[in-house]
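Morning, everyone. Please look at the structure on the screen.

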Amino acid sequence: MEKLKGVTNVNKALLRRTIFRQKEETMPPYAFFKEQFMPLSEAKVGILTQALHYGTATFGGIRGNWDSEEERFCLFRIQDHYKRLLDACRILRIRLPYSVDDMCHLSTELLVESGYQEDVYIRPLAYKSSQAIGVRLHDLDDDFLVIVTTLPAYLGGKGVRCCTSSWRRVDDTMIPARGKICGAYVNSALAKTDAHENGFDEAILLTYDGHVSEGTGENIFLAINGKLVTPPSSDNILIGITRDTVIKLAKNELDIDTIERSVDRSELYLAEECFFTGTATNIAQVVEIDHRTIGNGETGEITAKLQQLFAEVALGRNPHYSHWYTLVSPARVEA
Ligand code: PMP
């Protein structure tokens with residue numbers, strides 16, 4: 001709470017939250033909306049909201065990993081998530097009165113107030129909030145909200161069976177993939193549902209010129225000749241925070257280099273190992289692509305080691321990576 005002092009917009013929100021608490025003592029606040037903390041059921045947008053019609057918004061997804069032994073959350077690389085969100089805001093010309101630090105504090109407060117003691121997912125959204133017909137980015141109001149909710153299992157556990165999608169990944173000249181821009185997720189949704197209806201767990205999207213880009217909500221890695229290979233930022237990927245974490249863990253802890261280069265479709269079939277990375281997914285082993293078994297169809301050696309290392313850092317337990325952790329206990333904010 002000390003840290004919140006001097007942050008004007010956050011202070012205003014806290015003041016409003018106190019008023020809200022007095023009114024609704026029993027209802028937990030699950031959303032920060034219109035500069036107030038409130039129950040999700042009360043956070044509503046009007047049906048003319050510009051972002052609802054045109055996808056002119058950007059979202060984030062931050063994991064709060066609950067460590068039941070330490071009785072605390074680890075918000076993993078929350079600053080990096082909010083830096084990326086503010087970069088996407090620049091692309092979309094969304095202007096917000098909040099800094100990265102303000103957003104981190106708001107999210108932490110929301111989490112504490114929610115009362116959860118299990119893995120959570122924090123979903124911020126910055127959006128064109130004007131009640132206005134007409135597609136554009138200019139002359140519109142902007143707004144920012146945060147939701148905290150529980151995190152359903154995503155792709156984890158068993159090996160993932162994939163297909164190559166007939167949909168191509170949106171190009172940087174169409175909708176920049178380096179931001180989590182809401183409208184661009186139609187591209188992911190088309191590919192995901194096709195994959196699902198054809199009996200696969202996930203789709204791999206290619207760029208327009210036929211190189212491997214990423215999954216519908218995950219980056220992709222291959223192990224080839226004992227090294228890691230992943231598509232470069234110029235192949236229309238979201239530059240994932242988990243991707244960056246894996247590159248660093250592989251180098252620092254396993255002495256394995258990652259080569260960022262364009263990947264051909266057929267390289268997918270021949271890789272020794274393949275896995276997805278993402279905030280919801282963590283590290284998920286891919287066991288089959290287009291009906292070809294990857295490696296021996298089991299979790300590969302490098303993948304398993306990275307999964308183990310990642311599980312430790314995601315809970316905030318490896319002191320070498322403390323700069324990635326914001327540790328939050330239900331009673332107090334530690335970092
Ligand atoms: N690609 C896409 C399209 C995504 O939506 C995500 C999830 N945010 C990722 C990759 C993985 O990014 P991160 O590791 O930052 O969650």
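**Cavities and ligand**

The second largest cavity is lined by Thr58, Phe59, Gly60, His81, Arg84, Leu85, Ala88 and Lys180. On a 1 Å grid over the protein atoms alone, a cavity is a set of points where a 1.4 Å probe fits but cannot get out, and lining residues have an atom within 4 Å of a point. α3 (78-92) gives the most to this lining, with 4 residues. Helices here are DSSP runs (H or I, at least four residues), numbered from the N terminus.

Some background: this is a predicted model, where local features need pLDDT of at least 70, side-chain atom pairs count only at pLDDT 80 or more, and totals for chains, interfaces and linings use all residues. Residues are numbered from 1 along each chain as its sequence is written, and side-chain values use heavy atoms, with hydrogens and water left out.

Next, the largest cavity. Its lining includes Arg63, His81, Ile241, Thr242 and Thr279.

Now the ligand. How many residues surround the ligand? The count is 16, and Lys180, Tyr185, Glu214, Thr242 and Thr279 are the closest. To be counted, a residue needs a heavy atom within 4 Å.

Look at the polar contacts (pairs of N or O atoms within 3.5 Å). Glu214 has a polar side-chain atom 2.7 Å from a ligand nitrogen. Thr242 places a polar side-chain atom 2.6 Å from a ligand oxygen. At Ile241, a polar backbone atom is 2.8 Å from an oxygen atom of the ligand.

Definitions and conventions
A polar contact is a pair of N or O atoms within 3.5 Å; within protein, one must be able to donate a hydrogen and the other to accept it, and residues adjacent in sequence count only if both atoms are side-chain atoms. On a 1 Å grid over the protein atoms alone, a cavity is a set of points where a 1.4 Å probe fits but cannot get out, and a pocket is an open set with protein on both sides within 12 Å along at least five of seven lines; lining residues have an atom within 4 Å of a point. Helices (H or I, at least four residues) and strands (E, at least two) are DSSP runs, numbered from the N terminus.
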